[in-house]
Amino acid sequence: MNYRHIAIEGNIGAGKTSLAQLLAEHYDAKLLPEAFAENEFLSRFYREPQLYAFQVELAFLAGRYTQLKGLFARELFHDTVITDFTFIKSKLFARVNLQNDEYDLFRQLFDIMDPHLPPPDLLIYLHAPVGKLQENIRLRGRSFEQQIPDDYLERLQQAYQQFLKQDYCKTVIIDSSTADFMHHPLHFNQLTAFLEKDYEFTQHYLAIN
């Protein structure tokens, strides 16, 4: 496999971390999961989004930058790395969560930091309908996520769909509502077989069945 940095992206509950863990184990790669638990504003944001949106997005911006910058500085060009987030995620969530004046300030900070972080060699985007996302959120049982409304997930879904229209990096799109990488080895094997061939593409929908 020729990819040095594979990033997994998708909406809340799409299965990013589970797939990242499987890929890291399969390829004996370094796994860099997002340190979301270190964001002290996250649970407060879900209780009072209007009050804590700016704080939670700034904390995520700083945290993601610190994680990725440290990774690139030390070892990206020596090992394969799998992440379950990208830096651009900060901008997408901020656009959904912040008021216009807050977002303008946030975007200025993002634009200062973004050029220092190259995009991944490959982005795997996991798409699932909101009903499936909610099912996954319930199953993983994080207490602060249990009251996430459908319309919030819909708005994030739309933000990701707009993002995918851009030429960000080489991207594979997978319907994670039908792909069960954890429990069906054949599904995971289909993905790794694709990754190990040198296909030329900008964006590709990979059907897993």
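Phenylalanine 144 is partly exposed, with a relative accessible area of 24%; here buried means under 20%, exposed over 50% and partly exposed anything in between, using a 1.4 Å probe on protein chains only. The model is a predicted one, so to speak of local features takes a pLDDT of at least 70 and side-chain atom pairs count only at pLDDT 80 or more, while totals for chains, interfaces and linings use all residues. Residues are numbered from 1 along each chain as its sequence is written, and side-chain values use heavy atoms, with hydrogens and water left out.

Back to the rings. Rings of Phe, Tyr and Trp (its six-membered ring) pair up if their centres lie within 6.5 Å, with planes under 30 degrees apart called stacked, over 60 edge-to-face and the rest tilted. That rule gives 11 aromatic pairs. One of them is stacked: tyrosine 46 and phenylalanine 144, at 5.8 Å centre to centre and with 20° between the planes. This pair ties together distant parts of the chain, 98 residues apart, since tyrosine 46 belongs to helix α2 (residues 42–47) and phenylalanine 144 to the loop between α6 (130–140) and α7 (150–164). Helices (H or I, at least four residues) and strands (E, at least two) are DSSP runs, numbered from the N terminus. Tyrosine 46 is partly exposed too, at a relative accessible area of 23%. Phe45, Tyr46, Phe144 and Tyr152 make up one aromatic cluster.

Next come the strands. Four of the five residues of strand β5 (residues 171–175) are buried, so the rest of the structure largely encloses this strand. Strands pair if DSSP finds at least two bridges between them. Strand β4 (residues 122–127) runs parallel to β5 and is joined to it by five bridges; isoleucine 124, for instance, has valine 172 in β5 as its bridge partner. On to strand β6 (residues 203–205): three bridges join it to β5, again in parallel, and threonine 171 is partnered with glutamine 203. From β5 the chain crosses through helix α8 (residues 185–195) to β6, and this β-α-β crossover is left-handed, right-handed being a clockwise path from the first strand over the helix to the second with the strands pointing away from the viewer.
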